[in-house]
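Q: I am new to this structure and would like to learn how to read it. Could you take me through some of its features?

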Amino acid sequence: MSAGRDGRAPRVLLGVCGGIAAYKACEVLRGLQKAGCEVRVTMTEDVLRFVGAATFEALSGAPAATSLYDYPGSAIPHIELAEWADAAVVVPATANVMAKMACGIADDCLTTTLLACACPVLVAPGMNVHMWQNAATQANVATLRGRGVAFVGPDSGRLACGDVGEGKLADVGDIVAAALALLGGAGERDLAGLRVLVNAGPTHEAIDPVRYIANRSTGKMGFAIAAAAARRGAAVTLVAGPVTLATPAGVRRVDVESASEMRDATLAEFERADVAICSAAVADYTPAAPADHKLKKSREHLDAIELTETADILAELCAAKGGRMVVGFAAETDDLIAHAEEKLRRKGADLIVANDVSRPESTFGADTNRVALVSAGGTKQLETMPLADVADAILDAVGRRAAR
Ligand code: CTP
């Protein structure tokens, strides 16, 4: 664990919200201390219904800030705590506090302190599955992620309310590990020096100037990979099919439309890459002779469009890769692992990321994915996770291989 500034212990501000998992914040506090961190606590008044301030004060050895107007030794605890902290960790983050964070609302000691924090912030949500899945909560999560707030969890499982599903606070060990990573420990800019090429999104194959053949890909997974790779220090080029997504920070983007343009751009960019990650849903067939004018259904044939097979970009990259790493995807609806293993062999990829697009949590357009990482060394099935976490898991595999 790296020390904080001037050789002193890293300082973590623990923001505790009023949820049934508030007692787990005590374990997070202990875990952070065991890892060598100094911890101070700010919390909402509702926490007092679950865990007493005395518990946090005894564990942290400092007053827990519940009120802006009653904090021993300071008239402005929110500024003092925000400036003191090297990182802030919100455990358990309720839907209400995340909504306030997303809107910049500061109406109590916890949210005012968080608004004043310039340090990295980690959020560990814990709530009922329906509250987590509510579109408002998901929009707030997306807003916070977009501003660089890190998330850990929530996990799936039996919730305190009796429901089963997503919303369970992440494991204490995972929260502590994520907080340590945020403080500049392992994993921060671990891909610095690596040139990563990602292709993403669908392709559009023109039938005529008006009509085209496409597929349901949104590009979200590939964009999440590009964003995560850039955040982890890689030089990232993203070859994007026709999608409506914003370019992730620090990523160089090349826009293409058709499978043939996707092929040309991906192959050209691969000359300057160490790793290629092919998440694009490239059309397998394209009209053999696209019309240069809008076909009139009354007199021209639209019921039988002649198609030709497109080039397999992934297979071409694998043939040219030498010692470089090439990662492919397999979007399947059945026999997931068998199909992925077959694609790994047939195309010659180093890794195939396999996902079952017939499941709601891993289908096109979802904000989560449940993937298996299939390589010559075996298959690793991952849990359903937000796309950013899936992206990190894929990049962990890339990083391990690059380090060899
Ligand atoms: N791929 C590609 N070029 C193509 C088709 C697919 O580079 N013309 C890549 C995709 O980007 C993905 C992988 O190959 O990384 C697997 O794509 P998928 O559509 O699942 O498989 P296909 O090869 O098209 O085989 P099938 O349609 O039989 O599943």
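**Reading the backbone, helices and ligand**

A: Let us begin with Asp335, which sits in the loop between strand S16 (325-332) and helix H12 (336-347). Helices (H or I, at least four residues) and strands (E, at least two) are DSSP runs, numbered from the N terminus. This is a predicted model, where local features need pLDDT of at least 70, side-chain atom pairs count only at pLDDT 80 or more, and totals for chains, interfaces and linings use all residues. Residues are numbered from 1 along each chain as its sequence is written, and side-chain values use heavy atoms, with hydrogens and water left out.

Q: What is the phi of Asp335?
A: Most residues other than glycine have a negative phi, and most peptide bonds are trans. Asp335 has a phi near 45°, a positive value in a residue other than glycine.

Q: Which peptide bond is cis with omega near 5°, and which has omega about -20°?
A: The bond from Gly153 to Pro154 is the cis one with omega near 5°. Pro154 lies in the loop between strand S5 (150-151) and strand S6 (155-158). Val91 and Pro92 are joined by the cis bond with omega about -20°, and Pro92 belongs to strand S3 (residues 87-93).

Q: How do I read helix H1 and helix H2, and at what angle do their axes cross?
A: Two packed helices are described by the angle between their axes and the distance between the axes. Axes are lines fitted to C-alpha atoms, for helices over the stretch in contact, and angles run from 0 to 180 degrees between N-to-C directions. Here the axes of H1 (residues 22-34) and H2 (residues 53-60) come within 10 Å and cross at roughly 5°. That makes H1 roughly parallel to H2 (angles under 35 degrees count as roughly parallel, over 145 as roughly antiparallel, 65 to 115 as roughly perpendicular and the rest as oblique).

Q: Which residues make the contact of H1 with H2?
A: Contact means heavy atoms within 4.5 Å. H1 brings Ala22, Ala25, Cys26, Leu29, Arg30 and Gln33, while H2 brings Thr55, Phe56, Leu59 and Ser60.

Q: Which residues are the closest to the ligand?
A: A residue is near a molecule or strand if one of its heavy atoms lies within 4 Å of it. The ligand is surrounded by 16 residues, and the closest are Cys278, Ala280, Leu314, Lys343 and Lys347. A polar backbone atom of Ala280 is 2.7 Å from an oxygen atom of the ligand. A nitrogen atom of the ligand lies 3.3 Å from a polar side-chain atom of Thr310.

Q: Where is Arg346, and which side chain does it join in a polar contact?
A: A polar contact is a pair of N or O atoms within 3.5 Å; within protein, one must be able to donate a hydrogen and the other to accept it, and residues adjacent in sequence count only if both atoms are side-chain atoms. Arg346 is in helix H12, and a polar contact of 2.7 Å joins its side chain to that of Glu342.
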